[in-house]
Protein chains: 2
Amino acid sequence: MKKYVYFFGNNNTEGSSDMKFILGGKGANLAEMSKVGIPVPSGFTISTEVCRDYNLNGGQIPEGLEKQVDEYLKQLEEATGKKFGDDSNPLLVSVRSGAAASMPGMMDTILNLGLNDSVVSRISENTGNPRFAWDSYRRFIQMYGNVVENIEHEKFEHIIDEVKLSKGKKEDTEMSSDDWQEVSNGYKKLFKIEKGYDFPDDAKKQLWGSILAVIGSWNNTRAVTYRQLNRIDETKVFGTAVNVQSMVFGNLGPESGTGVAFTRNPSTGENLPYGEYLMNAQGEDVVAGIRTPKHLDSLKQENEEIYNQLIEIFSILEKHYKDMQDVEFTIENGKLFILQTRSGKRTAPASVKIAVDMVSENLITEKEALLRIEPDKLDQLLHPTLDENAKSQFKVIAKGLPASPGAGVGEVVFDADTAVDWKKQGKKVILVRLETSPEDIAGMNAAVGVLTARGGMTSHAAVVARGMGKCCVSGCESISVSEAKKEMHVGDLVVSEGDLITLDGSTGEVFLGEVPTTDPELSGYFATIMEWSDKYKKLGVRTNADTPKDSQVARDFGAQGIGLCRTEHMFFETDRIFAVRQMIVSDTVDQRKAALEKIFPIQKNDFKELFQIMSGLPVKIRLLDPPLHEFLPKTKEDIKEIADEMEISEEKLTDKIEFLHEFNPMMGHRGCRLGVTYPEIFEMQVRAISEAACEFIKEGNSITPEIMIPLIGEFNELKWLKDRLVPVVEETIKKFGVEMKYEIGTMIEIPRAALTADKIAQEADFFSFGTNDLTQMTYGFSRDDSGKFLNDYIEKKIVAEDPFKSLDIDGVGKLMKMAVDLGRSTKEHLHIGICGEQGGDPATIKFCHEIGLDYVSCSPYRVPIARLSAAQAAIESEE
Amino acid sequence: MKKYVYFFGNNNTEGSSDMKFILGGKGANLAEMSKVGIPVPSGFTISTEVCRDYNLNGGQIPEGLEKQVDEYLKQLEEATGKKFGDDSNPLLVSVRSGAAASMPGMMDTILNLGLNDSVVSRISENTGNPRFAWDSYRRFIQMYGNVVENIEHEKFEHIIDEVKLSKGKKEDTEMSSDDWQEVSNGYKKLFKIEKGYDFPDDAKKQLWGSILAVIGSWNNTRAVTYRQLNRIDETKVFGTAVNVQSMVFGNLGPESGTGVAFTRNPSTGENLPYGEYLMNAQGEDVVAGIRTPKHLDSLKQENEEIYNQLIEIFSILEKHYKDMQDVEFTIENGKLFILQTRSGKRTAPASVKIAVDMVSENLITEKEALLRIEPDKLDQLLHPTLDENAKSQFKVIAKGLPASPGAGVGEVVFDADTAVDWKKQGKKVILVRLETSPEDIAGMNAAVGVLTARGGMTSHAAVVARGMGKCCVSGCESISVSEAKKEMHVGDLVVSEGDLITLDGSTGEVFLGEVPTTDPELSGYFATIMEWSDKYKKLGVRTNADTPKDSQVARDFGAQGIGLCRTEHMFFETDRIFAVRQMIVSDTVDQRKAALEKIFPIQKNDFKELFQIMSGLPVKIRLLDPPLHEFLPKTKEDIKEIADEMEISEEKLTDKIEFLHEFNPMMGHRGCRLGVTYPEIFEMQVRAISEAACEFIKEGNSITPEIMIPLIGEFNELKWLKDRLVPVVEETIKKFGVEMKYEIGTMIEIPRAALTADKIAQEADFFSFGTNDLTQMTYGFSRDDSGKFLNDYIEKKIVAEDPFKSLDIDGVGKLMKMAVDLGRSTKEHLHIGICGEQGGDPATIKFCHEIGLDYVSCSPYRVPIARLSAAQAAIESEE
């Protein structure tokens with residue numbers, strides 16, 4: 001007869017972790033634990049083949065199964081010393097589903113199976129805890145009635161409500177043993193009314209009802225849809241297993257207890273077990289906080305044998321799972337059981353320390369250590385954070401999007417100028433805006449944090465703040481900002497200029513008052529992880545940086561050059577915006593050239609500063625990208641002021657602004673299109689780059705400028721511009737009489753550029769994926785507007801994640817892969833990188849590694865994250 | 001010895017049209033003509049192999065060539081009875097380049113070769129026309145000096161200027177024989193100064209100088225670049241041939257003459273030769289208009305033999321080239337020569353009549369007839385046009401883009417309301433706007449033509465006007481419109497409300513006053529062409545139509561259903577816009593549903609009307625697409641008026657407008673994204689479609705509604721919406737108790753939809769390419785803004801054509817092909833069409849045929865064009 005059932009526990013385990021397809025994930029895991037000597041409560045697993053055969057045979061269980069279950073039930077009784085359905089020493093069991101693939105939506109569970117009126121009375125006596133007994137009983141009836149017999153959950157809840165009403169009680173915790181008994185009786189009456197027969201007292205009947213319900217649940221609509229949506233291969237995952245496991249209780253007397261422990265300190269990473277327990281209690285009691293649990297150390301005094309056994313188990317678990325474990329245990333009448341073990345959640349510093357320690361302990365290899373750390377968590381190590389203990393004492397007045405991590409405490413200001421002024425006076429300020437624009441850059445730089453009412457995770461505020469390593473909460477829709485009145489409203493609360501608030505950029509929380517913060521410490525452990533990352537990664541890691549400050553931070557964090565320097569941010573600086581505006585309102589090419597001449601020396605100096613910081617490394621500079629109207633004033637007052645300053649009429653300035661207005665500026669007159677209309681702008685920029693580089697080289701240094709042309713969608717755009725720009729570089733090289741390597745290449749950020757990348761590669765020395773714009777155009781999502789529907793999309797599971805945060809691999813990724821393949825079909829060694837926001841996202845970095853990019857570029861504070869992610873990608877693809 | 005030279009003419013032709021790669025295009029064509037008995041002036045062609053060998057051998061001509069040329073020169077002398085370099089009966093020749101591929105930029109030509117001082121005197125005597133002789137001579141020196149010896153053109157011009165100055169003359173026509181002689185002498189002096197030697201008197205020297213210059217021109221920079229840019233395959237097209245041809249003159253006396261003729265009437269298509277000639281004259285004399293040429297009929301009287309010979313030649317030419325020909329001829333001393341023949345340009349009616357006639361005459365097949373007609377020209381037949389003769393008497397005050405063909409004469413109005421009012425009063429009006437918006441629809445409908453200062457060929461005004469078959473001139477930037485003052489300025493001219501103007505939508509011209517027009521006539525010839533088109537085409541042709549009127553026009557033009565009905569235009573109609581706005585400002589779902597209930601019966605009726613007109617055919621209806629803010633008022637006055645009407649505060653309305661404002665509405669909250677946020681809107685529309693269709697079917701008719709969901713970029717969007725919309729249709733079918741076929745499918749207009757089309761096809765019954773949006777996003781060009789740089793792009797040859805007019809096959813086309821292949825990999829018989837503006841463009845239609853679409857859909861007035869284009873595509877792909 002075919003074997004359908006597998007035992008686990010009590011040194012008699014038949015399965016193992018490699019039998020996942022037969023035992024399901026849960027069953028295989030229980031078998032594995034018990035095989036390496038962990039005392040799990042005994043039980044048996046009915047194989048997934050039963051489920052398959054049941055469905056193939058129209059709801060018939062295979063012949064002989066009943067007999068096998070009977071035998072294993074007997075074996076389980078022997079292992080536990082208890083008897084199923086017997087009221088003197090009753091064996092209670094749980095029945096759980098578990099397929100080879102995780103299917104969280106359909107996992108049915110029935111606990112405390114085996115209870116009936118006489119068993120519950122006996123347990124009540126045995127434990128001296130009738131409330132527990134009756135509460136368990138009523139829970140069992142409810143679970144069984146709902147899962148096995150399809151009685152609506154609400155009907156059971158109505159009965160509880162009735163009893164509470166009649167007793168004048170509100171919370172479950174107020175309910176007495178008698179109350180739960182009354183509820184149990186009510187449940188049984190409900191069962192009879194709904195089904196026409198009594199709730200089964202017979203344990204075997206209960207068991208088979210539950211087994212068949214679990215097997216049947218494999219084909220309910222919810223489960224079928226889930227498998228379709230998640231493309232679960234039903235030729236391998238053909239059914240669910242059923243796990244029948246003995247229940248253990250920590251509240252059977254003073255020799256019983258329950259606890260939760262980490263094998264190392266999850267907060268600091270220190271290699272000492274860390275946990276809490278309670279004697280004569282259930283897991284729920286620990287959680288509910290009615291009694292205060294004791295620290296694990298006390299167990300050593302209280303029961304050294306159990307303590308030592310537990311410590312021994314911790315060591316086995318760590319050796320087996322090669323990671324710090326979070327363990328649930330129960331002591332039943334002096335016998336220790338492990339109910340669950342899983343990798344323990346930990347803080348960022350702990351994750352780094354544990355990984356490094358485990359390598360020293362020869363528990364894991366360097367590669368394994370790197371794979372153990374969640375790259376995103378490193379962020380916590382790089383910014384000041386709020387003191388977790390102090391935090392709870394402050395009021396959260398609003399919650400927005402966690403746009404840029406770190407903590408910020410300061411006085412509220414509502415405009416950039418005030419931010420700059422107050423900073424000069426030595427104050428710390430938080431800049432609060434409806435949304436930010438490039439004109440706010442100086443103010444953002446002066447502030448310790450930024451709060452905006454509008455805009456998503458990739459809004460201007462968010463992107464710039466992350467670039468600056470400054471904390472930011474964006475899209476905080478519950479606040480209404482009046483920039484004119486210099487106040488913000490949150491419900492009835494009014495926060496005025498100068499009031500103190502605190503931002504938590506890692507959670508999006510906004511606090512009233514000054515929450516204490518703790519400073520980051522880039523410990524030796526962190527440095528070790530970075531060193532190992534560089535050892536294994538294949539991708540280069542560069543940074544997106546526009547200023548000397550950002551560049552320095554990035555280089556300190558290990559950036560291998562600049563992957564994107566946006567020159568437009570330079571245009572906004574106060575010492576040149578006037579000339580920029582003059583350039584824009586020029587009527588003739590000569591006027592425009594004259595204005596550009598004023599900007600030239602300043603730009604040249606900008607670049608020279610960057611080259612100094614990045615000496616010896618490549619620096620990729622993108623020529624002017626945004627539409628010109630972004631540089632012009634917007635409000636009536638500003639127009640008047642600037643017109644006066646420029647000595648032109650307000651009308652002329654207004655006309656120019658109106659002329660430059662665009663319906664869809666994202667797809668308008670910008671990037672290389674500006675370069676084609678006004679080649680003199682790009683020529684000035686290229687001259688500034690070339691002269692700065694040549695001068696720097698002449699001074700005895702080394703630098704490779706890479707000139708990047710934005711928004712190319714068509715080969716001829718690149719060709720036309722290169723025909724004008726290459727001579728500018730060549731003339732400069734000749735003028736300075738130096739040798740200089742340089743590259744001229746293009747952003748790939750327009751879908752058409754990706755589609756025609758073979759042609760474009762003919763003229764490009766490199767490609768750099770601008771995945772912000774590429775995502776916008778591939779999806780047709782405007783970053784500035786998608787906030788209105790994107791959250792709704794995520795909620796309705798239409799998209800899994802914000803594609804501006806983590807690359808959309810199915811769509812945008814497909815275009816990128818196409819561009820890489822087409823580009824390299826023309827030039828085998830074409831340099832290719834990414835400089836969109838997603839370049840710092842671990843999943844995106846993995847994809848970039850897979851499709852063969854040369855490097856990723858990200859904001860300075862994400863450089864360490866990218867280094868680790870790149871190492872993980874390389875290690876994973878080796879495997 | 002290898003044969004390098006080929007004779008043509010005088011019944012002694014050695015080449016033919018299939019020797020193009022050896023003789024070049026021009027040489028092969030001359031050989032072909034003379035082979036079929038056309039008397040072309042005799043000559044010989046030096047093969048392209050000479051050019052190749054010359055370049056391979058470092059500028060050495062192949063051995064024996066000189067001898068061959070000498071022999072052929074002798075043969076030419078015999079054929080013409082003249083002698084090269086002899087001054088008693090001099091043979092003059094032309095020397096022309098000509099490669100196998102057309103290279104218009106490098107075609108060097110030298111005429112009148114063989115002239116020198118003594119020859120020119122003799123010709124002067126022989127012709128009795130010394131002015132002609134000396135003018136010919138000075139032209140020859142100039143051409144030779146420039147082409148063979150590289151003397152700058154300007155230097156020759158300076159000499160003419162000097163002579164004119166000294167004689168007090170201004171125009172070339174004022175110059176006498178003596179003047180030209182003086183110029184010739186000056187030219188020869190210039191030649192000596194520049195080159196250090198005399199201008200060659202010897203004809204053989206002149207000939208070899210010219211031959212080598214033509215051969216050498218193959219490798220000049222201009223030619224090399226041209227071949228690279230046009231990807232000319234140099235393994236096949238390896239050099240230029242040199243054509244040496246005897247010159248003939250129509251001004252040698254009363255027995256000489258020259259003329260131009262069409263083999264049929266190019267204006268009406270009537271099968272009668274149509275032309276003009278002058279005796280004792282040169283071609284230039286006919287063109288210059290100094291003497292009035294005679295009609296061809298007079299030649300019959302004047303010289304019946306020549307006339308009959310000419311008519312015979314016309315017949316040979318038509319039989320040979322199978323098309324109406326435009327022929328240049330010269331009579332030299334009673335002998336007829338054909339200098340050139342080519343397909344003759346003709347009006348649209350002529351092209352249709354000629355094609356049909358030639359089939360009756362068994363000259364060409366139906367398929368050939370269809371290929372002979374330029375589809376775009378049919379447009380001329382479908383709209384009233386300006387009377388070409390009268391047109392020239394009116395002043396063109398401005399010129400914009402020819403956005404929608406046809407003629408429009410009317411009184412100027414500057415707003416939609418006035419247009420509607422004046423129309424009611426029986427006036428014809430031209431609506432002039434800065435640009436139009438959906439609110440102008442009623443006004444556009446009332447007007448006979450539309451003129452806008454802004455916007456391109458695919459602006460709102462242009463698209464809507466083409467859809468309405470109404471003439472439109474858009475982007476007329478030289479006019480400035482003051483809608484407030486109700487006047488427009490063009491330079492100093494002020495045009496006020498009520499002034500008469502005329503638009504020519506086929507040329508973009510704007511006339512002051514009332515230019516007479518002629519009405520279109522859809523003759524039997526036109527109907528025949530349409531019948532044949534339907535016989536051969538494989539693609540279906542549907543129409544984009546939103547109104548009963550458009551639908552009726554389209555059906556009359558042969559549309560096989562509706563490919564795109566845009567429901568948003570219906571939302572703007574005055575009887576429902578109020579409810580639409582109520583719906584938009586609703587605070588709750590219930591309020592919104594209440595407003596939608598008011599729109600429902602009107603929408604249902606809209607659809608029923610369309611179904612009636614399209615009875616028996618499929619009707620594809622797109623659910624609401626534009627962002628909601630488009631329906632709200634924009635100006636302060638309108639906001640006040642509408643707020644009052646709706647009984648809400650202006651603040652509330654303003655707040656709503658501000659909330660809905662978008663930075664990039666094209667990529668904002670629209671299309672299916674609205675459907676996900678407000679499913680009740682789509683549900684109402686689908687209910688209206690279903691009820692209208694079911695009711696119509698119940699009344700005994702047949703219709704297949706196709707429900708199209710716009711802006712899908714992700715499978716889950718379609719799935720989510722279908723889960724809500726299919727039940728609405730099914731319930732309606734049940735309610736009416738009818739059988740109804742219907743389809744639910746999607747636009748493919750987001751690049752991501754094309755990239756993931758295999759997935760999307762799982763849930764789609766059809767795809768329809770929205771190539772307007774697809775082009776916008778693939779190129780990153782906003783249609784509303786690209787006017788600012790697209791003209792510049794076309795001028796600088798960065799793009800060849802406006803991609804919104806004719807599909808960008810390299811980029812957008814690649815995505816479309818990908819979507820077709822991916823979609824059909826999931827569903828083999830997936831229905832696929834196109835409904836973008838480009839769907840009516842012949843080149844696009846050809847591409848759609850090639851990638852296997854089922855149908856194209858275009859504006860009603862382009863349906864006949866599409867039918868013909870589809871037939872041409874099918875016929876061409878057969879070949």
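Lys797(A) sits in the loop between α33 (787–795) and α34 (809–826) of chain A. Helices here are DSSP runs of H or I with at least four residues, strands are E runs of at least two, and both are numbered from the N terminus. The phi of Lys797(A) is near 60 degrees, a positive value in a residue other than glycine. Is Lys797(A) buried or exposed? Lys797(A) is exposed, because its relative accessible area is 68%. Exposed means over 50% relative accessible area, buried means under 20%, and partly exposed lies in between (1.4 Å probe, protein chains only).

This is a predicted model, where local features need pLDDT of at least 70, side-chain atom pairs count only at pLDDT 80 or more, and totals for chains, interfaces and linings use all residues. Residues are numbered from 1 along each chain as its sequence is written, chains are lettered from A in the order in which they are written, and side-chain values use heavy atoms, without hydrogens and water.

Now take chain A as a whole. Its average pLDDT is 91, and 98% of the residues score at least 70. pLDDT is the predictor's confidence in each residue, from 0 to 100. Where pLDDT is low, the predicted coordinates should not be read in detail. The model scores ipTM 0.78 and pTM 0.78. Chain A has 36 helices and 33 strands. Its C-alpha trace spans about 100 × 60 × 55 Å along its principal axes. Of the 879 residues in chain A, 58% are buried.

Next comes the surface of chain A. Which residues form a negative surface patch? They are Glu650(A), Glu651(A), Asp655(A) and Glu658(A). A patch takes residues with over 30% relative accessible area and no salt bridge, and joins like charges within 9 Å. A salt bridge is a side-chain nitrogen of Lys or Arg within 4 Å of a carboxyl oxygen of Asp or Glu. Glu651(A) belongs to helix α26 (residues 650–660) of chain A. Glu651(A) counts as exposed because its relative accessible area is 54%.

Glu647(B) lies in the loop between α25 (636–646) and α26 (650–660) of chain B. Glu647(B) is not a glycine, although its phi is positive, about 60 degrees. With 74% relative accessibility, Glu647(B) is exposed.

Arg670(B) is in the loop between α26 and α27 (672–677) of chain B. Arg670(B) is buried, because its relative accessible area is 4%. Arg670(B) and Glu154(B) are 516 residues apart in sequence. In space they are 60 Å apart, C-alpha to C-alpha.

Methods. Patches are made of residues with over 30% relative accessible area and no salt bridge: like charges are joined within 9 Å, nonpolar side chains (Val, Leu, Ile, Met, Phe, Trp, Tyr) within 5 Å. Accessible areas come from the Shrake-Rupley method with a 1.4 Å probe; for residues, only the protein chains shown count as cover. Lys and Arg count as positive and Asp and Glu as negative; His and the chain ends are not counted. The place of a charge is taken as NZ of Lys, CZ of Arg, CG of Asp or CD of Glu.
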